[in-house]
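Good morning, and thank you for coming. Please take a moment to look at the model on the screen before I describe it.

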Amino acid sequence: MLISGFTQALTPINLAMAAIGTLIGTLVGVLPGLGAASAIAILIPVTAVLNPTQAIIMLAGIYYGAQYGGSTTAILLNIPGETAAIPTCLDGYPMAKQGRGGPALGISAIGSFIAGILGVFGLAFFAPIFAEQALKFGPPEYFSLMILSLSIIVNFSGEYIVKGFIMGILGYILSMVGVGITTGLPRLTFGSLALTRGFDSIAIIIGLFAISEILKGLEEKTVAISTEIMGSVFPSTKDLKKSFWPIIRGWAIGFFLGLLPGCSPVVSTFMSYDVEKKMSKHPEEFGHGAIEGVAGPESANNANSQAGFIPLFSFGIPASPALAVLLAGLMIYGLQPGPMLFQQEGGFVWTVIASMFIGNAMLVVFNLPFVGIWVKITRIPYGILGPVILFLCVIGAYSSRNSLFDVYTMIAFGVIGYFMQKYKWPVVPLVLCAILGPTLERAWIQSMSMSRDSLLIFVQRPISCGILILTVVFIILSMKMMRRTKKLVVDAAGDGVSLTD
Amino acid sequence: MKSLKFKFDYALGVISLIIGIVCLTEFKRLFPIRNSFLSGDHALPGLTGIAMIILGLLLLLVKKPKSIKVVFPEKTVMIRLMTILGILVVYSVCIAYLGYVVPTVILGIPLFRLFGGYKWLFCVATSIICTAGLYALFVFGLGMSFPRGMFF
């Protein structure tokens with residue numbers, strides 16, 4: 001299957017899509033004002049001209065390309081695009097200040113590449129094992145799976161879990177607006193014709209992520225990178241030797257934590273940094289430019305992002321905001337992530353997986369020799385970028401359904417998202433539940449019809465019961481890991497940083 | 001700022017209660033046309049309504065963990081931010097009547113000015129180039145349809 005995936009992925013159009021995706025992703029990672037989630041959300045409607053495989057190859061490329069790009073600003077500017085990149089800053093920036101920014105970027109790219117490739121191997125191995133159970137899945141199992149996806153809320157709730165659940169349920173309520181599934185009658189529309197079409201999840205996502213990021217960008221002063229702190233991007237043999245085991249350990253941590261549904265990359269990068277510091281013969285060098293402190297977390301981050309595709313493809317559970325948006329993209333293209341995806345759309349899945357091998361190789365080619373160009377791109381002023389991104393947001397929201405109502409929705413959610421970010425209310429649970437809402441409701445209604453209103457159906461069927469038990473285990477495990485990671489984040493960056501950032 | 005955060009959480013607690021009540025009202029409206037007690041369009045509004053009320057009450061009544069300091073930008077930046085949002089609203093209304101090109105060129109000028117503080121002439125030129133570039137890429141290149149309005 002993987003070989004046939006490769007033959008498809010190596011067609012000129014699919015190669016071009018992987019290249020465009022990784023280039024846009026790197027650009028998004030390097031530039032301020034737009035994250036991977038926003039970029040994917042804006043581009044989903046634009047990719048309507050492509051077939052689903054080409055579109056998802058490109059969108060996935062943006063996702064992992066942004067991981068690479070993000071390390072550039074973390075190392076050279078000490079600006080972590082997200083909390084998961086903080087460990088990279090801890091030693092990457094001191095290296096840059098010592099004139100070793102180049103080797104730090106180089107080892108980050110090499111570590112990410114190795115971890116990414118190993119991660120894709122893992123994806124190719126594990127995902128079909130999960131998906132083999134597909135034919136045993138009925139509505140109760142799907143409903144339990146949706147409940148399992150709720151475990152992600154624990155990871156994205158930040159300081160107070162009640163806020164995460166409120167946002168999640170708000171997402172479900174937004175997904176109910178429109179026409180009822182069983183009767184076809186208007187529901188929660190309050191007589192408004194525009195609301196009978198429901199809210200478009202893409203407009204909500206662009207508003208919550210992109211518009212609020214642009215507004216936030218206005219507050220921040222952007223700094224261009226100086227090329228003087230770079231040095232050669234190719235690490236020395238000594239650097240490579242020192243980084244080998246941290247890369248392997250980083251991959252193992254990132255990959256296996258990424259298999260847990262909803263396990264945030266923050267957990268894996270901080271855990272990897274912590275492990276490297278504890279295993280090092282010179283822990284005092286950490287925080288002052290230890291290359292292992294860059295190699296481990298960067299590998300963990302990339303392995304985690306690749307492993308995140310396993311719960312996404314196999315169960316429809318995203319591990320990060322960007323994957324939640326990708327999930328929306330898959331659904332818009334009529335591909336229902338979950339156990340049946342491998343059965344019904346095997347060709348698509350294996351082509352996307354094969355394209356990830358190619359995309360990871362492309363990233364090294366685009367990043368290592370051309371890092372100077374990416375550095376120069378950071379000099380594009382925000383005064384130009386901001387309005388252009390704003391116009392792109394309008395185009396993205398409008399073209400999803402050719403509706404101006406969606407543009408108004410985007411603006412409204414942009415304002416809401418800005419205040420939510422300010423007050424540390426997590427927006428990811430809202431997005432996730434808004435996307436999964438219709439699937440959950442359909443599974444609930446079908447399950448209740450099957451069981452004649454008996455809730456016991458969810459525990460009487462072994463797979464469904466097993467998933468519910470797993471949900472409880474994951475929630476407890478996630479809470480423990482997040483509490484531990486929160487302590488590490490506070491130690492590294494102070495208590496002003498939230499795990500939801 | 002600490003008190004501001006508290007008020008925001010309190011306000012959202014009240015909003016959660018209101019949303020919960022709205023959902024329960026919708027549950028009551030849809031209940032007569034149900035398939036069964038737990039199956040039908042009424043079920044999820046009912047369940048989410050109850051959950052929102054419980055969570056709203058929890059937010060209002062239960063002591064919350066230590067709050068994070070909320071910092072808003074200074075007044076001039078805040079005004080700039082509000083103006084940009086205002087322009088965006090005007091823009092989205094205008095494109096319905098005037099089409100994509102004219103409002104994008106006209107409202108792009110103050111946007112570039114507000115974002116970058118550039119000279120007016122530079123803003124006019126950048127706005128025209130940006131509009132033309134986006135139109136060429138999306139309409140000619142990708143074959144997408146933009147709002148047409150009175151013009152194009």
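This is a predicted model: local features need pLDDT of at least 70, side-chain atom pairs count only at pLDDT 80 or more; totals for chains, interfaces and linings use all residues.

Chain A contains 23 helices and 2 strands, where helices (H or I, at least four residues) and strands (E, at least two) are DSSP runs numbered from the N terminus. Its radius of gyration, taken over C-alpha atoms, is 22 Å, close to the 23 Å that the globule rule gives for 501 residues, so chain A is as compact as a globular protein of that length. That rule is 2.2 Å times the number of residues to the power 0.38. Along its principal axes, the C-alpha trace of chain A spans about 70 × 50 × 50 Å.

Residues are numbered from 1 along each chain as its sequence is written, and chains are lettered from A and ligands numbered from 1 in the order in which they are written.

How much of chain A counts as buried? Of its 501 residues, 63% do. A residue is buried if 20 or more other C-beta atoms lie within 10 Å of its own, exposed if 12 or fewer, and partly exposed in between, with C-beta atoms placed from the backbone. Two residues are in contact if their C-beta atoms lie within 7 Å. Among contacts in chain A between residues at least 6 apart in sequence, 81% join residues at least 24 apart.

I turn now to the interior. A nonpolar core is a set of buried Ala, Val, Leu, Ile, Met, Phe, Trp, Tyr and Cys residues joined through C-beta atoms within 7 Å. The largest such core has 204 residues, and A:Ile40 and A:Ile206 touch the most other members. Helix α4 (residues 52–77) of chain A gives the largest share of this core, 15 residues. At least three residues also come from each of domain 1 (2–61) and domain 2 (75–141) of chain B. Beyond its neighbours within four places in sequence, A:Ile206 is in contact with residues including A:Ser38, A:Ala41, A:Cys393 and A:Met410.

A:Thr26 lies in helix α2 (residues 12–30) of chain A. This residue is buried, because 28 other C-beta atoms lie within 10 Å. Leaving aside neighbours within four places in sequence, its contacts include A:Gly65, A:Tyr68, A:Phe366 and A:Trp374.

Two loop residues deserve a remark on backbone geometry. Most residues other than glycine have a negative phi. A:Phe190, in the loop between β2 (186–187) and α10 (201–219) of chain A, has a positive phi near 55°. A:Lys424, in the loop between α20 (404–422) and α21 (428–451) of chain A, also has phi near 55°. Which of the two is buried and which exposed? A:Phe190 counts as exposed because it has 9 C-beta neighbours inside 10 Å, whereas A:Lys424, with 21, counts as buried.

Finally, the partner chain. The contact between the chains takes 56 residues from chain B and 51 residues from chain A. On the chain B side, α2(B) supplies the largest share, 9 residues. By class, that side has 36 nonpolar, 14 polar and 6 charged residues; here Ala, Val, Leu, Ile, Met, Phe, Trp, Tyr, Cys and Pro count as nonpolar, Asp, Glu, Lys and Arg as charged, and the others, Gly among them, as polar. The centres of domain 1 and domain 2 of chain B, taken over C-alpha atoms, are separated by 39 Å; the domain bounds come from an automatic or database domain assignment.
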